Amino acid sequence: MRNDDDVRVGLLGFGTVGQGLVQGINLQINNISCRLGVSLKIQRALVQDTKKKRAVGLPELTTDARDILEDPEIDIVVEVMGGEQPAYAYTKQALRQRKQVVTANKLLLALHGPELKELARRNGTGLLYEGSVLGGIPILRTIQRGLCGDRVEEVKGIFNSTTNFILTRMYDLGEDYWTVLRLAQEAGYAEADPSMDVSGLDAACKLVILCRECFDLDIYLKDVTMSGIEHLDKWQIALEKGQGRIPKLIACAKPQKTEIRVGVEWLPDTDLLSRVSGVQNALSLRTLLAGELFWSGPGAGGLATGGAVLADIMEAAERVLMERDIGFLQAGR
Ligand SMILES: NC(=O)c1ccc[n+]([C@@H]2O[C@H](COP(=O)([O-])OP(=O)(O)OC[C@H]3O[C@@H](n4cnc5c(N)ncnc54)[C@H](OP(=O)(O)O)[C@@H]3O)[C@@H](O)[C@H]2O)c1
């Protein structure tokens with residue numbers, strides 16, 4: 001039943017993350033209503049093919065973006081479709097309509113993040129993107145709030161699940177790159193076109209977003225020195241293994257533009273990052289006051305990323321409710 005107090009959400013995309021998000025909401029529906037004091041309703045989702053079989057159902061799917069972007073009842077637009085276009089055009093349109101926007105799209109943010117944040121600011125609305133970096137590891141809020149009294153001096157980590165899965169199997173089982181890549185694709189860990197992962201581009205996008213948060217740097221993908229894992233063969237790994245060195249695709253940055261890179265590093269087994277295996281991700285921050293900090297956890301997956309997106313939606317919903325309260329107060333003057 002319709003209730004005017006509900007906070008209404010429109011999804012741009014209803015794939016792995018979109019469905020994980022709805023599963024997450026369904027699992028905690030009462031909890032969410034208690035915390036917000038109103039219900040959170042997914043109004044409808046934009047997809048390419050409404051007939052496609054999906055693990056999770058929604059009452060309404062559409063192939064027309066205007067059903068979301070121009071629906072005055074929708075308070076929050078969640079962009080989980082991926083890619084640069086049309087996500088870029090739709091995100092700008094949603095911000096211009098003064099809707100709160102949540103996105104998990106690292107490519108979009110790496111390419112256009114500063115412009116989109118500025119557009120949100122000018123329109124007096126919000127752009128939140130916790131799900132775009134390290135999936136289920138809640139790191140952006142930690143940096144923005146938990147570390148706002150400290151200064152980050154180095155960012156280092158394993159930011160891509162597909163490549164970590166491939167490198168772990170090549171190292172542990174001596175398998176070759178193409179065999180493990182095929183296996184990763186069959187298991188759903190790698191896309192049919194894995195180039196964004198194996199080239200290091202996916203990790204570079206996340207590093208760009210993190211550098212902007214940690215160092216307040218105006219940086220873009222062109223500033224990242226980047227190489228991937230395609231050149232590695234099992235013989236080289238066997239040779240290094242004999243010397244006690246473990247290959248990991250490491251993203252690393254310091255507060256200078258010249259030291260931002262993604263590439264394979266050979267780590268000793270004493271390094272915490274060397275023990276992060278399979279589809280896990282990890283982040284190590286060195287800060288002025290706290291020293292070394294370390295997080296690890298699921299860097300991808302529908303439920304884990306959906307949970308990060310839901311955290312953003314909850315924050316956006318609180319802003320929507322606060323604006324409604326201000327509107328009521330002003331109307332009563
Ligand atoms: N998967 C993860 O674990 C993960 C983790 C962190 C961040 N992310 C980010 O989250 C975003 C979504 O990823 P995902 O894995 O959920 O992608 P996905 O499974 O491929 O889902 C994409 C969804 O968007 C829809 N879509 C794509 N292009 C469209 C277009 N031009 N018009 C209308 N609908 C369109 C698709 O419709 P159909 O279903 O009809 O094809 C699908 O529902 C990406 O930016 C990704 O980088 C993903």
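**View 1. The start and end of helix α11 in the predicted model.** Helix α11 spans residues 234–242. At its start, D233 supplies a side-chain oxygen. That oxygen reaches to within 2.9 Å of the backbone nitrogen of W235. G244 follows α11. The phi of G244 is positive, near 80 degrees.

View 2. The ligand is surrounded by 22 residues. F14, V17, K52, R54 and G301 are the closest. By class, the shell holds nine nonpolar residues, nine polar residues and four charged residues.

**View 3. Backbone atoms facing ligand oxygens.** F14 places a backbone N or O atom 2.8 Å from an oxygen atom of the ligand. For T16, a polar backbone atom is 2.9 Å from an oxygen atom of the ligand. Q48 also has a polar backbone atom 2.9 Å from a ligand oxygen. Taken alone, the ligand exposes 900 Å². The protein buries 78% of that area.

**View 4. The salt bridge between D6 and K41.** The model has a count of 27 salt bridges. In this one, the side chains of D6 and K41 meet at 3.3 Å, N to O. D6 belongs to the segment before β1 (7–12). K41 sits in strand β2, residues 40–46. D6 has a relative accessible area of 3%, so it counts as buried. K41, with a relative accessible area of 32%, is partly exposed.

**View 5. The salt bridge between E60 and R44.** The closest N and O atoms of E60 and R44 are 2.7 Å apart. R44 lies in strand β2, and E60 lies in the loop between β2 and β3 (61–62). The pair therefore ties together parts of the chain that are 16 residues apart in sequence. E60 has a relative accessibility of 34%, so it counts as partly exposed.

**View 6. The salt bridge between K92 and E115.** Here the closest N and O atoms are 3.9 Å apart. K92 lies in helix α4, residues 87–96. E115 lies in helix α5, residues 106–122. K92 counts as buried, at 16% relative accessibility. E115 counts as partly exposed, at 35%.

**View 7. A network of salt bridges.** Six residues are shown here: E130, R141, R145, D312, E315 and R319. Salt bridges that share partners join these residues into one network.

**View 8. E154 and its contacts.** E154 is placed in strand β7, which covers residues 152–158. Its relative accessibility is 16%, so E154 counts as buried. Which residues is E154 in contact with, leaving aside its neighbours within four places in sequence? They are F215, C252, A253, K254, S284, L285 and R286.

Definitions and conventions:
Residues are numbered from 1 along each chain as its sequence is written. This is a predicted model: local features need pLDDT of at least 70, side-chain atom pairs count only at pLDDT 80 or more; totals for chains, interfaces and linings use all residues. Side-chain values use heavy atoms; hydrogens and water are left out. A residue is near a molecule or strand if one of its heavy atoms lies within 4 Å of it. A polar contact is a pair of N or O atoms within 3.5 Å; within protein, one must be able to donate a hydrogen and the other to accept it, and residues adjacent in sequence count only if both atoms are side-chain atoms. Accessible areas come from the Shrake-Rupley method with a 1.4 Å probe; for residues, only the protein chains shown count as cover. Ala, Val, Leu, Ile, Met, Phe, Trp, Tyr, Cys and Pro count as nonpolar, Asp, Glu, Lys and Arg as charged, and the others, Gly among them, as polar. A salt bridge is a side-chain nitrogen of Lys or Arg within 4 Å of a carboxyl oxygen of Asp or Glu. Helices (H or I, at least four residues) and strands (E, at least two) are DSSP runs, numbered from the N terminus. Buried means under 20% relative accessible area, exposed over 50%, partly exposed in between (1.4 Å probe, protein chains only). Contact means heavy atoms within 4.5 Å.
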